Amino acid sequence: MTFYPVILAGGSGERFWPLSRKSKPKQFLTLESSGRSLLQTTAERLTAGQGGLERLMIVTANEHRGHVLEHLPDLPLENLLVEPVPRDTAAAILYGALTVHRDDPDAVMGVFPADHRVDDPDAFHAVLARAVEYARTHDALVTLGMTPSYPATGYGYIEQGDEDGGSGVHRVQRFTEKPDADLARDFLNTGRYLWNSGMFIWRVEVILKAFETLVPELYGPMLDASRQRGGLRQAYPTLPKISVDYAILERARNVAVIPASFGWDDLGDWNALERLLKGDGGNVAVGRHVSLDTGGAIMYTTGGEDLIATIGLEDVVVVRAGDVTLVVRKDRTQDIKKVVAQLKDNPELARFA
């Protein structure tokens, strides 16, 4: 069985606004010194040792097609799966699964977000190899669960059940949405809960059977459309908009999880920059800055000649990106999406979104 990694690269990354815009979302940004975008880094990690991009597939939005080809110029065009309109992760994953199955019905397929960070690639590859091998030999939907290091409220959680022999693979008891701070601490203290990474590995025939059984209203139209020239373009706008978590994983009985630790971060919002740049409680800055009586601040400017100056501030994020300046408390960065939504709804301000 051959392994096909599928990268989901259609997200908007609104919580990294104003650096991330509708025209250039988070997966195409460069947030560290390597000079490589998040998409490029993810693709390199998943194709390491495979000799190229022949089996890598990218699912992206129609408006991001050019960005993907710019960042991955050697990607075969037939491996670029363009969604006519966004329909959340279930449709995107089914699109990838149907394409892989057409080319290789016996394949093992992996699903990976385009914009995550991994600090220890060797540990990642070891866990991935275990997941692929388990998926080859079991009719299971395997997910990678990150061993939590603090009571995060920005991640979903997975409660792990019994281990399957000595395989290191556990049955999933349940998925839980983002908890409040008290519940997150309780989860951490039990030692049974893992962060939901959004990375999945399964035989393509197993995930297609799950779609057929659990989400026939998505599976049927997608299967029919995939068999017709131009069918997906016509069918996509009519498809239900639902995540794979709700559609499949929270309902299926054959879901397994592998606990993992490889320096993972989903880079969900501006607070991730502090972790990325090894902040220790002081200020973290990219670009020119002058600070007076300022602590715990994150400052970022895209203009090489620009300057950010702060006085008497604590625990804030200040971002200067082109024609927009953002100032937000670090504990309110989740609300950036609300501001972007306001911009999109205002014809005079939509260009700033």
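**Basis.** I note that this is a predicted model, in which local features need pLDDT of at least 70 and side-chain atom pairs count only at pLDDT 80 or more, while totals for chains, interfaces and linings use all residues. Residues are numbered from 1 along each chain as its sequence is written, and side-chain values use heavy atoms, with hydrogens and water left out.

**Overall form.** I found eleven helices and 17 strands; these are DSSP runs numbered from the N terminus, with helices being H or I of at least four residues and strands E of at least two. The radius of gyration is 21 Å, close to the 20 Å of the globule rule for 353 residues, so the protein is as compact as a globular protein of that length. That radius is taken over C-alpha atoms, and the rule is 2.2 Å times the number of residues to the power 0.38.

**Interior.** I looked up burial next: 52% of the 353 residues are buried (under 20% relative accessible area; exposed is over 50%, partly exposed in between; 1.4 Å probe, protein chains only). The largest nonpolar core has 49 residues, a core being a set of buried Ala, Val, Leu, Ile, Met, Phe, Trp, Tyr and Cys residues joined through side-chain atoms within 4.5 Å. Helix α3 (residues 88-103) gives the largest share of this core, nine residues. Another core, of 45 residues, lies apart from it and includes Leu46 and Val118.

**Around Ile248.** Ile248 is among the residues with the most contacts inside the largest core. Beyond its neighbours within four places in sequence, Ile248 is in contact (heavy atoms within 4.5 Å) with Leu141, Ile207, Ala210, Phe211, Leu214 and Val215. I then turned to helix α6 (residues 204-214), whose buried residues include Ile207, Ala210, Phe211 and Leu214. The partners against which the buried residues of α6 pack include α3, α7 (216-226) and α9 (244-249).

**Backbone entries.** Most residues other than glycine have a negative phi, and most peptide bonds are trans. I recorded a cis peptide bond between Trp17 and Pro18, with omega about 10°. Leu267 has a positive phi of about 50° and is buried, at 2% relative accessibility. Asp315 has phi near 55° and is partly exposed, at 40%.
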